[in-house]
Amino acid sequence: MSLWSAGRYEAVAQQISAIAARVVDTAGRLRPLPDADIVDLACGTGSAALSAAAAGATVTGVDLTPELLAIAAGKPGGDAVRWVAADAAATGLPDASFDIAVSNMGTIFVEPAAMMTEVARLLRPGGVFAFSTWVRDAENPFYDPIVEVLGPRPAGTHSPDQWGDPEVATARLLTDFDRITIGRGAHPWTFDSTAHAVQFITDESPMHVDILSRLDQPTGARLVEAFRAALDARTAADGTVGFEASYAVVAAVRHPA
């Protein structure tokens, strides 16, 4: 069982579907989508893959978690996409078989060196890689409580939002790619109430559900209360909870042969 089968990933996918559309649109400005061969890596429940297929591309969606692929395949247009259960860094797909690779908040969770080797292998010369990444903010109520209660991430481990640092992203891409662009954005997270936001963390968001599942009861309770306090601080007069999380859409073109 993968981390992403914990909770209900589709709740996250619905929240960030607009970013998936932006990733696909960014790729399409570098290489027209109609008739392009596209792979959506770590595709989750398929937001980017389905968007690309609707634009006329021939699409393969790859994800490690079969449960998520089943949800994707059952969506409108899902039968137009080939869904493959595989590790995004070891897909088993043929060399140089795609014009475009995309990913919406997916490949950033994969070990970077292995991920970049696989993307470069899959793309034809001149192919496009476009993906989204979270960007570290000074404050984030979905992340800060984790550090507050559990401490910082161990030194030397990769984290998803490292891709949001332009210097890091550029250094990782330069071996096989050029024409690198990084476009910033702010994603609004909104909930009807603090209780709804906490439920999203404890029951739906796979990353948070997985973390909580590995803690003893007292520590888990402290972490949930830390999330509740952080979200209470973002509550408006009408009781709704909202904040913006920074993200970037990165795009690059594979070196010619």
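Which ring does the charged end of arginine 172 sit over? Select tryptophan 163: the charged end of arginine 172 lies 4.7 Å from the centre of that ring. Sitting over a ring means that NZ of Lys or CZ of Arg is within 6 Å of the ring centre and within 35 degrees of the ring normal.

A word on what you have loaded: this is a predicted model, where local features need pLDDT of at least 70, side-chain atom pairs count only at pLDDT 80 or more, and totals for chains, interfaces and linings use all residues. Residues are numbered from 1 along each chain as its sequence is written, and side-chain values use heavy atoms, leaving out hydrogens and water.

Now for the aromatic pairs: searching the whole structure turns up 10. Rings of Phe, Tyr and Trp (its six-membered ring) pair if their centres lie within 6.5 Å; planes under 30 degrees apart are stacked, over 60 edge-to-face, and the rest tilted.

Pick phenylalanine 129 and phenylalanine 177: their ring centres are 6.1 Å apart and their planes at 45 degrees, so this pair is tilted. Phenylalanine 129 is in strand β5 (residues 123-134) and phenylalanine 177 in strand β6 (residues 177-191), 48 residues apart. Strands are DSSP runs (E, at least two residues), as are helices (H or I, at least four), numbered from the N terminus.

Next, select tryptophan 189 and phenylalanine 200, another tilted pair, 5.7 Å centre to centre with 55 degrees between the planes. Tryptophan 189 belongs to strand β6, and phenylalanine 200 to helix α8 (residues 194-204).
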